Amino acid sequence: MSNFSFAEWSNLLDQWGASSSSSNANHKPEKTIPTTTSVEKLIKEIENPLTREHALFALSRNREIRANLAPLLWNSTGTIYLLLEEITTAYRVMSSPDLVARATNNVCNALVLLQCVASHPDTRMNLIKAWNFSNGVKKISYFTANVPYYLYPFLEAKNKEKQYEYLRLTSLGIIGALVKVDNAEIVHFLLQSEIVPLCLRCMEVGNELSKTVATFIIQKILVQDEGLRYFCSFAERFFALTRVMGTMVDKPVGEPSLRLLKHILRCYVRLSDCPRACDGFKISLPSKFRDATILNLIRDDPEALEWLGQLFVNIATGNRGSPPLIEETLSILPS
């Protein structure tokens with residue numbers, strides 16, 4: 001499966017069990033919240049520091065309301081600001097032992113709600129686009145949301161403890177939700193930010209779930225021609241990506257994951273659409289792609305077998321029939 005659904009993001013997060021920690025021991029997620037009024041009441045409770053923790057937990061964990069939650073969150077006065085405020089409270093304790101489960105849970109629940117906003121077609125672009133506000137007569141303010149920038153401290157962390165991993169995974173979930181639907185404008189925004197090098201770091205230091213989501217993000221970036229140019233225009237970027245992916249293939253931590261491997265394969269196949277990348281693969285392709293280790297893992301997956309076969313064909317032929325846009329751009333670069 002190449003795309004994550006919002007329910008799958010939630011399943012990934014649930015594996016880390018934030019809701020089972022002592023800070024939420026008395027919170028029981030509602031089975032259903034049947035009316036818009038009930039949801040709006042919970043959103044209103046985010047404004048009150050005394051009720052915020054329960055409201056964040058209830059809204060983030062109730063899957064029945066998520067389909068229509070994003071517009072309510074975005075259009076309610078001050079809610080996005082309060083979610084970002086909750087997120088930034090964790091910055092002060094990122095490098096200290098004070099990053100306790102309760103603080104992590106509150107931040108991660110806020111991140112899950114932003115992930116909901118990133119997943120909805122009516123609110124997704126709001127997280128990255130510029131906004132003008134007016135009083136009906138003239139423009140009075142202008143800002144760009146740049147919500148992914150707020151995730152940098154969590155994606156930069158090298159710690160592998162559970163609290164940091166949970167923050168890493170939920171942050172990656174927001175970026176994954178943004179790129180799930182192929183959109184050149186979103187990819188352009190991400191390429192102008194630090195998200196790509198931060199994803200590479202997560203692919204290095206994260207656990208299997210974080211590695212999988214980070215690799216999925218890189219895969220979706222590569223789908224766009226601008227993303228392919230980004231990695232193939234400079235040797236440093238190309239080899240930085242292939243080094244990280246090669247390590248995940250040749251030196252996996254624990255049992256290799258088929259889902260992670262499939263995302264890695266998709267990245268390699270897309271890179272091989274560029275002839276210069278095919279030349280680079282002659283020295284940077286993972287050694288396990290050539291032995292029985294990988295074949296035994298994907299032998300029952302026709303899709304993965306087809307991708308691996310296509311990768312070898314592209315490398316062998318140099319894939320000189322690349323799409324004109326890519327070929328034209330790369331032809332002007334020095335060899």
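A salt bridge is a side-chain nitrogen of Lys or Arg within 4 Å of a carboxyl oxygen of Asp or Glu. The model shown in these views is predicted.

**Figure 1. R52, E85 and E86 form a network of salt bridges.** Three residues take part here: R52, E85 and E86. Salt bridges link them. Side chains of opposite charge can pair when their charged atoms come close. Across the structure there are 12 salt bridges.

Figure 2. The protein has 335 residues, and 53% of them are buried. It contains 18 helices and two strands. Consider the contacts between residues with a separation of 6 or more: 75% of them join residues 24 or more positions apart. The exposed surface comes to about 15,700 Å². Carbon and sulfur atoms supply 54% of that surface.

**Figure 3. F289 sits in the largest nonpolar core.** This core has 98 residues. Within the core, L271 and F289 have the most contacts. Helix α8 gives the most to the core, with 10 residues. Which residues does F289 touch, leaving aside its neighbours within four places in sequence? They are V249, L261, L265, Y268, I294, L308, L311 and F312.

**Figure 4. G173 lies in helix α8.** The helix covers residues 162-179. Is G173 buried or exposed? G173 has 0% relative accessibility, so it counts as buried. The cut-off for buried is under 20% relative accessible area. Look next at A118, which is 55 residues from G173 along the chain. The C-alpha atoms of G173 and A118 are separated by 9.2 Å.

**Figure 5. R168 and E165 pair within helix α8.** These two residues form a salt bridge. Their closest N and O atoms are 2.6 Å apart. R168 and E165 are three residues apart in the helix, so about one helical turn separates them. R168 is buried, because its relative accessibility is 0%. E165 is buried too, at 2% relative accessibility.

**Figure 6. K220 and D182 join distant parts of the chain by a salt bridge.** The closest N and O atoms of this pair are 2.9 Å apart. K220 belongs to helix α11 (residues 208-223), while D182 is in the loop between α8 and α9 (184-191). The two residues are 38 residues apart. How exposed is each partner? K220 has a relative accessible area of 7%, so it is buried. D182 is at 44% relative accessibility and therefore counts as partly exposed.

**Figure 7. K262 and D301 form another salt bridge across the chain.** Here the closest N and O atoms are 3.0 Å apart. K262 is in helix α14 (residues 258-271). D301 is in the loop between α16 (292-298) and α17 (302-317). The partners are 39 residues apart. Both K262 and D301 are buried.

**Figure 8. One cavity of 30 Å³ or more turns up in the whole structure.** What is the volume of the largest cavity? The value is about 30 Å³. Its lining is made of L178, V179, V181, D182, N183, I186, V187, K220 and Q224. Helices α8 and α9 each supply at least two lining residues.

Methods: Residues numbered from 1 in each chain as written. Predicted model: local features only at pLDDT ≥ 70, side-chain atom pairs only at ≥ 80, totals over all residues. Heavy atoms only, no water. Helix = DSSP H or I, 4+ residues; strand = E, 2+ residues; numbered from the N terminus. Buried < 20%, exposed > 50% of the residue type's maximum accessible area, 1.4 Å probe, protein only. Contact = heavy atoms within 4.5 Å. Areas by Shrake-Rupley, 256 points an atom, 1.4 Å probe, with all protein chains shown as cover. Core = buried A, V, L, I, M, F, W, Y, C linked by side-chain atoms within 4.5 Å. 1 Å grid on protein atoms, 1.4 Å probe; cavity = no way out; pocket = protein on both sides within 12 Å on 5 of 7 lines; lining within 4 Å. Points joined across faces, edges and corners; volume = space filled by probe spheres on them.
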